[in-house]
Amino acid sequence: MTPISFSTSQVIFALATGAGRAAIAIMRASGPGSAELLKNLCGSLPEPRRASLRSLRHQGEVLDHAVVLWLPGPKSYTGEDGFELHLHAGPAVIARVADALTDLGARPAEPGEFTKRAVQKGRLDLLQAEAIADLVDSETESQRKQALQQADGALSRLYDGWAQRLRLVLAHQEALIDFPDEDLPPEVEETLLAEMSALHHEMSAHLQDNRGELMRQGLTVVIAGSPNVGKSSLLNALSGYDAAIVTHRAGTTRDAIAVDWILNGVRLRLIDTAGLRETEDEIEAEGIRRALFHVKQADVILHLIGPDETTDALSDNEIAVRTKIDIASAPPNMLGISTQTGDGLSALRSVLTERVSALTASAGAPPLTRARHRAGIQEAVTHLERARTATWPELRGEELRLSMQALGRLTGRVDVESLLDAIFGQFCIGK
């Protein structure tokens with residue numbers, strides 16, 4: 001990977017562990033001059049990548065007895081010389097060591113600056129850097145696996161592969177432009193058009209795959225139905241606590257109530273909505289309007305049906321659920337539940353797990369995970385479409401170049417300066 005040239009002349013430092021009471025706090029530093037700075041603190045450099053117990057001193061004062069790791073570049077996270085100090089986690093210790101580092105010429109790191117320097121030194125590309133942020137933020141097993149796969153370069157390899165194939169297509173196109181009077185084999189044009197069509201198909205299919213975004217952001221599951229059908233009771237039963245008020249009075253829920261829930265390693269956002277009916281009550285009408293909004297945005301809808309109700313045809317993302325089966329049993333081939341007795345709740349969880357698994361199941365190729373990826377691939381596809389329909393060879397060549405550049409911006413191979421601050425500003429300080 002070609003390094004990106006930026007000024008990284010100063011040693012930066014940050015606490016890499018979280019705030020709060022703990023036994024150990026890890027202070028990390030990186031940048032030119034790290035070796036001299038560490039010598040000032042502990043007298044001499046430890047053996048590279050071997051933990052060493054040292055007394056940290058500054059201005060004749062012992063600051064702490066710490067485990068020190070010397071991490072010379074380029075085989076470090078940032079690609080620069082750096083070190084870690086495993087300190088006792090008392091706030092006074094951390095503050096005093098930070099003061100000493102500042103006195104010795106280092107400065108506190110900005111959000112994401114360690115990973116930004118790793119990109120600048122060619123240790124990571126932008127897709128891998130974004131995956132590091134996702135890995136730090138992962139709350140579920142599916143999020144962890146997806147972020148780790150992307151951090152290992154799965155998405156980068158896919159996009160780099162497309163860019164390399166586009167480069168070959170462009171080379172064939174340039175040959176047709178530069179040697180128009182030569183008797184080039186007709187297979188050159190045929191191969192070029194076939195590869196453009198194949199790339200267009202693969203990229204378009206990639207855009208249709210929203211598994212990565214669903215796993216990263218979580219799925220929205222909306223509980224909908226008529227008033228007093230048991231929506232709030234189901235929300236409480238699934239979440240495990242009384243998140244919504246439950247009464248026998250219809251129309252109790254006037255607003256959407258959302259609860260985060262982990263199901264089979266996938267984060268779901270359960271939303272209880274107002275009962276759907278005609279009403280002249282202004283507040284209830286607003287609740288119904290909001291309910292319909294959430295229904296339109298839902299990935300899965302649990303459509304609850306009371307004992308005295310019938311159901312119309314369901315949309316693809318709806319699951320019909322007959323409620324209150326302790327009063328009247330569910331008809332054949334319909335899932336039935338009772339929040340009073342608990343009957344059917346296990347079966348509902350199983351059905352919901354199958355639906356969630358179907359929405360997030362692996363399809364082989366790594367999925368895109370962010371809006372930036374979607375916009376970049378869409379731009380590449382747009383230019384590829386124009387290239388396929390271009391009447392002039394020179395226009396086709398230019399559109400192929402623009403498509404390849406759009407892919408390059410995703411990984412950071414080209415034109416990344418304007419992207420860096422936006423991407424790395426979301427990181428925690430010590431990463």
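Gly 287 is found in helix α10, residues 282–297. Helices (H or I, at least four residues) and strands (E, at least two) are DSSP runs, numbered from the N terminus. This is a predicted model: local features need pLDDT of at least 70, side-chain atom pairs count only at pLDDT 80 or more, and totals for chains, interfaces and linings use all residues. Residues are numbered from 1 along each chain as its sequence is written, and side-chain values use heavy atoms, with hydrogens and water left out.

**Gly 287**

- Gly 287 is buried, at a relative accessible area of 1%. Buried means under 20% relative accessible area, exposed over 50%, and partly exposed in between (1.4 Å probe, protein chains only).
- Ala 274 is 13 residues from Gly 287 along the chain. The C-alpha atoms of the two are separated by 5.5 Å.

**The whole chain**

- The chain has 14 helices and twelve strands.
- It holds 431 residues, and 46% of them count as buried.
- Take the contacts (heavy atoms within 4.5 Å). Among those in the chain with a separation of 6 or more, 63% join residues 24 or more positions apart.
- The chain exposes about 21,400 Å², with 51% of that supplied by carbon and sulfur atoms. Accessible areas come from the Shrake-Rupley method with a 1.4 Å probe; for residues, only the protein chains shown count as cover.

**Annotated positions and Arg 123**

- An unreviewed UniProt entry places the feature "binding site" at Arg 28, Glu 84, Arg 123 and Lys 431. UniProt positions are given in the numbering used here, feature names are shortened, and annotations may be inferred rather than shown by experiment.
- Arg 123 lies in the loop between α3 (113–120) and α4 (126–137).
- Arg 123 is partly exposed, with a relative accessible area of 40%.
- Leaving out residues up to four places away in sequence, Arg 123 touches Pro 74, Lys 75, Ser 76, Tyr 77, Thr 78, Gly 79, Ala 118 and Gln 128.

**Pro 74 and its cis bond**

- The peptide bond from Gly 73 to Pro 74 is cis, with omega near 5 degrees.
- Pro 74 sits in the loop between β4 (61–71) and β5 (82–88).
- Pro 74 is also one of the residues that Arg 123 touches.

**Arg 107**

- Strand β6 (residues 107–108) contains Arg 107.
- Arg 107 is partly exposed, with a relative accessible area of 22%.
- Val 11 is 96 residues from Arg 107 in sequence, but 6.5 Å away in space, C-alpha to C-alpha.
- Arg 107 touches Gln 10, Val 11, Ile 12, Phe 13, Glu 113 and Arg 117, not counting residues up to four places away in sequence.

**Positive phi values**

- Phi of Arg 49 is near 60 degrees, a positive value in a residue other than glycine. Arg 49 is in the loop between α1 (34–42) and β3 (52–58). Its relative accessible area is 41%, so Arg 49 is partly exposed.
- Asn 228 also has a positive phi, near 60 degrees, and is a residue other than glycine. The loop between β7 (219–225) and α9 (231–239) holds Asn 228. Asn 228 is partly exposed, with a relative accessible area of 35%.

**Second largest pocket**

- On a 1 Å grid over the protein atoms alone, a pocket is an open set of points with protein on both sides within 12 Å along at least five of seven lines, and a cavity is a set where a 1.4 Å probe fits but cannot get out; lining residues have an atom within 4 Å of a point.
- The second largest pocket has a volume of about 230 Å³. Grid points are joined across faces, edges and corners, and a volume is the space filled by probe spheres set on the points.
- It is lined by 14 residues; Ser 142, Arg 211, Met 215, Thr 360 and Ser 362 are the closest to its centre.
- The elements that give two or more residues to this lining are α5 (141–151) and α8 (211–217). α5 gives the most, with four residues.
- The lining has six nonpolar, six polar and two charged residues. Ala, Val, Leu, Ile, Met, Phe, Trp, Tyr, Cys and Pro count as nonpolar, Asp, Glu, Lys and Arg as charged, and the others, Gly among them, as polar.

**Largest cavity**

- There is one cavity of 30 Å³ or more. The largest cavity holds about 30 Å³ of space.
- Its lining is Gln 146, Gln 149, Gln 150, Ala 154, Leu 155, Pro 366, Pro 367 and Thr 369.
- α5 supplies the largest share of this lining, three residues. α5 and α6 (154–178) each supply at least two.
- The lining divides into four nonpolar, four polar and no charged residues.
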